[in-house]
Amino acid sequence: MEVPFHLPAGSTSLRRVHNKATMSSGATGAVQPADEPPTEARPTVITAENLTKTYGDVAAVDGISFSVPAGESFGLLGPNGAGKSTTMKMIGGVTRRTSGALHIMGLDPDSHGPEVRAHLGVVPQQDNLDEELRVRDNLLVYGRYFGLPMSYLKPKADELLEFAQLTDKAKSKVDALSGGMKRRLTIARSLINEPRILLLDEPTTGLDPQARHILWDRLFRLKEQGVTLILTTHYMDEAEQLCDRLIVVDKGRIMAEGSPAQLIREHSTREVVELRFGSERNTTIASELQGIGERLEVLPDRVLIYAHDGESALEQVASRGLRPLTSLVRRSSLEDVFLRLTGRSLVD
Amino acid sequence: MTDGTAREALRAHSPDIAAARARRWGAFYYAEQVLRVMKGYGWSIIMYSVGHPVAYLFAMGVGLATLVDAQGAEAFGGVGYVTFVGPALLVSASVMTATNEFTFPVMDGFKWRRTYYGPHASPLTPQQIAAGHIMAVTLRLLLQSAVYFAAVVLFGAAPGGWGWATILVATLAGLSFGLPLMAYSASITEDKGQFALVMRFIVMPLFLFSGTFFPLDSLPLAVRWVGWISPIWHGTELGRVFSYGYQQPPLLTVLHAVVLVALAVLGWFLTRRQFAARMGK
Amino acid sequence: MSAGLPVKSAPDQARSRTFGPLYSRNARAVISRGLLATRSTNWLVMLSGFFEPVLFLISMGVGLGAIVGSVQGPGGGEISYAAYIAPALLAVSAMNGAVYDSTWNVFFKMNFAKLYQGMLYTSLGPLDVALGEIFLALLRGLLYAMGFTAVMGVMGLITTPWALLMVPASVLIAFGFASIGMGITSFLKTFQQMDWVNFVMLPMFLFSATFYPLSVYPQPIQWLIQAMPLWHGVELLRQISVGAFTAATPVHIGHYLVMTAAGMLLTTLRLRQLFLK
């Protein structure tokens with residue numbers, strides 16, 4: 001049942017290849033590659049039912065339920081403080097839940113912490129590399145925690161360093177690495193035990209655009225190899241790039257669930273017109289825009305018109321004699337979904 | 001695991017094996033990590049382990065001894081001053097090293113560089129992480145005490161045949177002070193200079209008023225209690241029994257050992273609880 | 001200044017000053033920042049530095065003193081063991097405080113808190129920073145010295161008004177160690193190297209005639225000890241404490257004056273190299 005896999009890029013023995021169609025096709029299981037078993041047949045690796053975590057009176061996670069089939073790339077999208085990290089910690093078996101049920105590979109992390117964590121690779125929000133050890137030693141030492149023998153670890157560490165594009169840094173000190181390199185090393189470290197499930201908590205927060213793209217590429221390769229990815233993010237572009245399916249979380253609750261395309265279809269229009277009239281005038285002009293498009297959203301710095309056809313909506317604006325300082329027609333994104341669901345922006 | 005090919009010879013063992021091994025050997029795995037880190041500053045450790053005893057034994061046992069021994073040896077139960085301070089210095093050094101190892105590195109693990117949280121995401125449990133840290137430090141205390149004892153022997157300050165047992169006594173004393181301290185370190189969430197206070201208001205007084213440089217009896221009763229509650233005093237007295245056959249009622253000897261073991265066990269228990277509570281939050 | 005001459009701009013003035021870019025004559029700003037920062041530090045930690053020599057004095061002076069009895073003081077007269085070691089402990093405390101403040105503290109601020117980098121983006125120069133930090137260290141040393149001298153008085157160890165001069169003398173000792181310490185710190189890169197500072201301090205503390213007279217050593221060792229800076233401090237304070245001065249007294253004082261000057265020179269040169277490339 002287990003699908004064998006290799007880590008380094010270019011492996012020919014990949015069995016499970018997610019093609020682009022699956023990712024963006026929307027409805028789960030609609031289009032599958034020929035050798036792919038149907039979604040229903042994939043074993044479930046994580047189930048959460050009514051999962052709750054309270055700190056004192058505050059409910060960080062407030063009764064959320066979801067399940068993740070093997071090989072899926074599953075995202076938790078939400079602003080800071082939504083309860084994403086707490087959920088990840090409960091899955092990782094490092095925080096006990098207050099109530100509800102949670103199973104990873106059929107095991108309860110509260111009672112079988114070590115067994116659950118043996119299945120996982122974890123990339124925490126804050127890097128916690130051992131800065132007193134060198135880059136390669138970080139991998140070796142971490143592998144020892146899984147009881148792996150040195151005969152396995154030494155070649156594996158070299159392989160992972162190559163995967164993380166850190167081969168020439170193998171003997172460097174950790175604090176000499178850039179933020180993006182540290183992040184890649186943390187990911188390499190999380191793969192030392194060849195986990196089938198990888199937890200990534202805000203994997204690219206704080207990285208520059210180039211470093212983010214390198215990381216996304218590495219994660220995409222893992223996904224191609226059939227590793228189940230669970231990731232939290234507050235970046236909609238990251239969620240769109242990497243997630244087959246995601247839940248939108250706010251204040252510890254699930255606001256919506258589905259593939260990125262599905263969510264956009266259900267909760268937004270096809271296109272959006274962004275208009276800027278200058279900070280003082282956005283609100284006053286909004287009333288003059290009534291009736292254009294399907295919906296209007298007024299933000300402090302801009303007005304958004306949700307419409308099926310953005311260009312024609314923009315023409316209507318012009319025909320009413322309104323002259324915005326700038327205008328932009330774009331496709332709807334998860335940001336719009338979040339705005340619609342919560343009335344707030346993801347990143348403030 | 002159906003169709004492994006030759007290229008897939010490099011395979012991690014299954015999660016079941018990983019979990020089983022971690023359950024059994026997890027503490028050792030973490031101890032290995034702490035020792036690797038120590039290796040990084042191995043030179044400092046060696047210099048300290050050798051330099052400290054030689055400097056102190058020479059200054060106190062040879063230099064100060066000229067003043068002290070001139071006044072007659074009966075104050076020290078008939079032995080020379082260097083024989084008297086030897087076990088005391090050995091035990092004190094172990095307690096001080098334990099203090100260093102169970103304060104800043106613990107804070108580092110939880111707060112500064114969060115080094116405990118990496119292994120915590122692996123199959124290791126918080127209790128194993130605590131145990132591994134303690135095992136590595138215990139090893140360091142043993143080695144340091146062995147080197148120290150060798151220096152004591154070179155200064156001719158361990159006439160009895162049981163002197164080697166002071167190595168164990170010193171290690172035990174280090175743990176009996178260090179483990180309760182470790183539990184405290186693990187409970188600190190904000191650094192307000194607590195460790196400097198521990199060093200100056202607890203460790204230094206214990207070092208100076210534990211019958212280290214003179215018998216506890218020569219202090220006024222008002223400060224003698226510092227010695228009675230001090231692991232350094234219990235360790236020093238026990239060490240003197242082994243080192244030069246210091247005469248005391250056998251019951252007192254047993255009491256010293258019991259106090260040291262009890263403190264270490266209490267500290268171990270509190271540390272485990274504190275680690276589990278803090279990491280599982 | 002006559003009206004005909006063009007008025008120089010502030011940067012031009014700075015350039016034409018001695019030490020121009022190194023020193024903006026504003027160490028005050030660094031000092032006031034330091035004083036503000038002490039408000040938020042734990043005052044118990046501050047206080048604890050004062051207790052260390054006092055604890056040593058009580059333990060060794062009273063406890064061990066009961067066994068040792070009296071020893072020969074600098075003037076040749078018999079003094080109690082406590083009175084013998086008290087000035088030495090004050091000298092050690094001045095050294096420890098100054099070295100700690102100019103090494104660990106500066107090292108941390110330079111390499112971890114990046115405090116100096118922030119300061120040097122303003123009009124402050126590296127010498128302002130160095131002088132400011134040393135002044136703060138000396139201020140702390142002054143407070144500790146006054147406290148310790150008061151404790152000596154309470155314990156009945158002060159027998160002459162000369163002894164009050166131990167306070168300024170210990171500030172001089174601290175000045176010497178702080179300026180050298182800061183120069184050395186500028187060479188250090190890692191915490192491990194900082195450990196070496198302790199390896200030098202411990203033997204100095206133990207062997208500089210702190211707890212027993214120099215005469216216990218063979219002659220060559222005595223010369224070695226006399227080459228150590230701490231020995232001069234111990235001797236100087238010990239002489240002051242009983243008001244017994246000899247021809248060696250000016251030598252001890254001169255030693256610290258030279259040490260201070262050399263330390264400041266080294267520090268300035270190093271700061272120029274480090275910050276004004």
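Trainee: Which chains share the most contacts?
Mentor: Contact needs a cut-off: two residues are in contact if their C-beta atoms, placed from the backbone, lie within 7 Å. There are 2 pairs of chains in contact. The pair that shares the most contacts is chains A and B.

Trainee: What kind of model is this, and what ipTM does the predictor give the complex?
Mentor: This is a predicted model: local features need pLDDT of at least 70, side-chain atom pairs count only at pLDDT 80 or more, and totals for chains, interfaces and linings use all residues. Residues are numbered from 1 along each chain as its sequence is written, while chains are lettered from A and ligands numbered from 1 in the order in which they are written. The complex gets a pTM of 0.82 and an ipTM of 0.85.

Trainee: Which element gives the most to the side of chain B that touches chain A?
Mentor: Here 37 residues of chain B are in contact with 36 residues of chain A. Both α1 (15–40) and α5 (117–120) of chain B supply at least two residues each; helices (H or I, at least four residues) and strands (E, at least two) are DSSP runs, numbered from the N terminus. With 14 residues, the element that gives the most is α1(B).

Trainee: Which element gives the largest share of the side of chain B that touches chain C?
Mentor: On this side, 28 residues of chain B are in contact with 28 residues of chain C. Two or more residues come from each of α2 (42–70) and α8 (194–208) of chain B. The largest share is 11 residues, from α2(B).

Trainee: How far apart are the closest C-alpha atoms of chain A and chain C?
Mentor: No contact joins chain A and chain C. Their closest C-alpha atoms lie apart by 11 Å.

Trainee: Where in chain C is confidence highest?
Mentor: pLDDT is the predictor's confidence in each residue, from 0 to 100. Chain C has a mean of 84, and 91% of its residues reach 70 or more. Confidence is lowest in helix α1 (residues 10–16) of chain C, at a mean of 57. It is highest, at 94, in helix α10 (residues 229–242) of chain C.

Trainee: Is C:Val106 buried or exposed?
Mentor: C:Val106 lies in helix α4 (residues 81–111) of chain C. A residue is buried if 20 or more other C-beta atoms lie within 10 Å of its own, exposed if 12 or fewer, and partly exposed in between, with C-beta atoms placed from the backbone. C:Val106 has 26 other C-beta atoms within 10 Å, so it is buried.
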